[in-house]
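Subject: Structure for your files

Hello,

Here is the structure I said I would pass on. Please look through it first; my notes on what was found follow below.

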Amino acid sequence: MSQLEHKTFDSKITRRDLIKVFGATAVAGTGIFGASSKAFAKDAQHVVVLGGGVGGSTFAKYLRFADPDVKITIIEQYPEYITCLRSNDVIVGMHTLDELTFNLDTIKSKYNVNVVIDKVIGADFDKKTVRTAKGESFSYDKLVVSPGIDFKFEDYEGYDAELAAGKFPHAYKAGPQTLELRRQLLAMPQGGTAIIAPPQNPFRCPPGPYERASFFAEYFKKHNPTAKLLVLDPKDRFTKDGPFKKAWERLYGYKTDNSLIDWVSGSDGGRVVALHAKEMVVETDGGDHKADVINIIPNQRAGKLAQELGLTNASGWCPIERNSMESSLHKEVYVLGDSSIADAMPKSGYSANSQAKVCARAVADSLKGQAPGVAIYSNVCYSLAGENYGVSIAAIYEVRDGLIQPKGKSAGVSPITDKAAQPILEAVYQKNWQREFVKDVFS
Amino acid sequence: MKLSYLFTPALAFALIQPAAADAQNPIASGAAMAWQCAPCHGTNGQEFLEAMPPLAGMPAEQFIKAMIAYREGTRPAIIMDRVARGFTDAEIEAMAYWFEKQPVKQWENTSLTESQNAQKSNSTGGQQ
């Protein structure tokens, strides 16, 4: 990668640069996609999946790989799904929400999966049925639940779901709040102040708040150079904090008098305890902060459906068997993704995809009366510290001593070197990864 | 560590069986591990349009050499060194033989039947 050594830390890479590094990629494949719809045997076993997001969609596709004959039904409340992953891009105009919007059409046609757009309102684990708002009932042999997250607004005096839907978006589920936060960033007065308040652990997408902070700073650098971002954190450490802070130093003057970002740790009083909406003030353990834009990303727990179905324990999350993702509380029910307690695995889209594949094999094995095989999980999180500056964390996981733990010496974050090629290429890979990942999930 | 034998595919294939069957130290199946590569390298390794190299149809020997070099730090890497350090020789081999069988074409142009037939076949070494 010597061709990249002249690059600076905020420079863009061209396709020509890439070809120099990797060689032109051979492009193959003009075959015709030909899925046929197939009738199921009357006595076919039935797997019902609640939630058609990353976990649910990946699960249905890969269960079809593992079992050509099982009947699969996904019940999803909304006809379209917007990925939370890369929604930070929308705030600064690097992606549109439309580009992050997917549906289950290919899952339905190519993998012969029934898709029902309806809201699940209850389940009977003894009779093995689920009920929907439209009055339908579905019998299952196995039930898979992938319900995402819910927010603990009660941890912040003066903040609630209504304020989040209005002037104080958390924008931590992609949608209208993402666009509102973008509007507010663009409308900030010159020299204004923005606040991002990340949640306490554990929460969805651990690098998400810090990538968002980086994007705010990059936006200020270009369009509002006297503005300032205050990150008010309840924690003393965060994921990839080494490479993130190094990037902030390189790109945004972090640790200088003119820094575009200030990060206040929990020990320094960073934890937010209240929002005073009328005054545009955030109250922390360390005092009050006034701002023009306030983005509190609330503490989290398992999605509402998981709570309603009784799949959560006192922690607010769903305990699972590590080799199958089967609920520890209810047999024949499996929990995927952010809602599950997966030990060392972060709550990421990649983790949900990984867990869905392990679960698909375990469900297929169980339907055949077999014990699940050896589970192997993985996670790679690419984040951007700037449009052309990537940082990553990666690990392969195994079940050891009853917990999901990094396997071998695989766990690691991006090395900090003086070579610009590392973060430039990680930014390229991040973009490649996003395009590929959604294909693995939805097509 | 004895690595030289790995570069003779026929011999390596013979050695994989006892490792996979070792009850003391069972490994995940080749498919189960290979599925974990899909978010970056495409479903069944069948992504030919991005910067990450396609794995479908890659000769097993090439896959094994690359993964071991990443793991041992003898091949420059951005992220694959961190990933490869999670796998033993036997696991790398199991993935290699699985990927070798996958069709050399984009996943979105591959039917389910075509994919299933490819997995039943012997290794073809699609990328000659």
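I start with a helix pair in chain B: helix 4 of chain B passes helix 6 of chain B in a right-handed crossing. Helix 4 covers residues 60–72 of chain B and helix 6 covers residues 89–100 of chain B. Their axes come within 8 Å and cross at roughly 145 degrees. Helix 4 of chain B brings B:A60, B:F63, B:I64, B:M67 and B:I68 to the contact. From helix 6 of chain B, the residues are B:I92, B:E93, B:M95, B:A96, B:Y97, B:F99 and B:E100. Sorted by type, the residues of this contact are 10 nonpolar and two charged, with no polar ones.

Please keep in mind that this is a predicted model. The predictor gives the complex an ipTM of 0.90 and a pTM of 0.90. For chain B the average pLDDT is 83, and 75% of the residues score at least 70.

Two stretches of chain B call for caution. Over residues 1–23 of chain B, pLDDT stays under 50, and the model has 23 contacts beyond four places in sequence for them. Over residues 124–128 of chain B, pLDDT also stays under 50, with 11 contacts beyond four places in sequence. Where pLDDT is low, the predicted coordinates should not be read in detail.

On the make-up of chain B as a whole, the secondary structure comes to seven helices and zero strands. Of the 128 residues of chain B, 48% count as buried. Among the contacts in chain B with a separation of 6 or more, 62% are between residues 24 or more positions apart.

Chain A has a sheet worth a look. It is an open sheet of three strands in the order 6-7-8, with antiparallel pairing. The edge strands are strand 6 (120–124) and strand 8 (137–139) of chain A, each of which pairs on one side only. From one strand to the next, the twist averages 20 degrees. Strand 6 of chain A pairs with strand 7 (residues 129–132) of chain A in the antiparallel sense, over four bridges. Which residue of strand 7 of chain A is the bridge partner of A:V120? The partner is A:T132. Strands of a sheet pair through backbone hydrogen bonds, either parallel or antiparallel.

Regards

Conventions. Residues are numbered from 1 along each chain as its sequence is written. Chains are lettered from A and ligands numbered from 1 in the order in which they are written. This is a predicted model: local features need pLDDT of at least 70, side-chain atom pairs count only at pLDDT 80 or more; totals for chains, interfaces and linings use all residues. pLDDT is the predictor's confidence in each residue, from 0 to 100. Two residues are in contact if their C-beta atoms, placed from the backbone, lie within 7 Å. Two strands pair if DSSP finds at least two bridges between them. Helices (H or I, at least four residues) and strands (E, at least two) are DSSP runs, numbered from the N terminus. Axes are lines fitted to C-alpha atoms, for helices over the stretch in contact, and angles run from 0 to 180 degrees between N-to-C directions. A crossing is left-handed if the near helix is turned anticlockwise from the far one by less than a right angle, and right-handed if clockwise. Ala, Val, Leu, Ile, Met, Phe, Trp, Tyr, Cys and Pro count as nonpolar, Asp, Glu, Lys and Arg as charged, and the others, Gly among them, as polar. A residue is buried if 20 or more other C-beta atoms lie within 10 Å of its own, exposed if 12 or fewer, and partly exposed in between; C-beta atoms are placed from the backbone.
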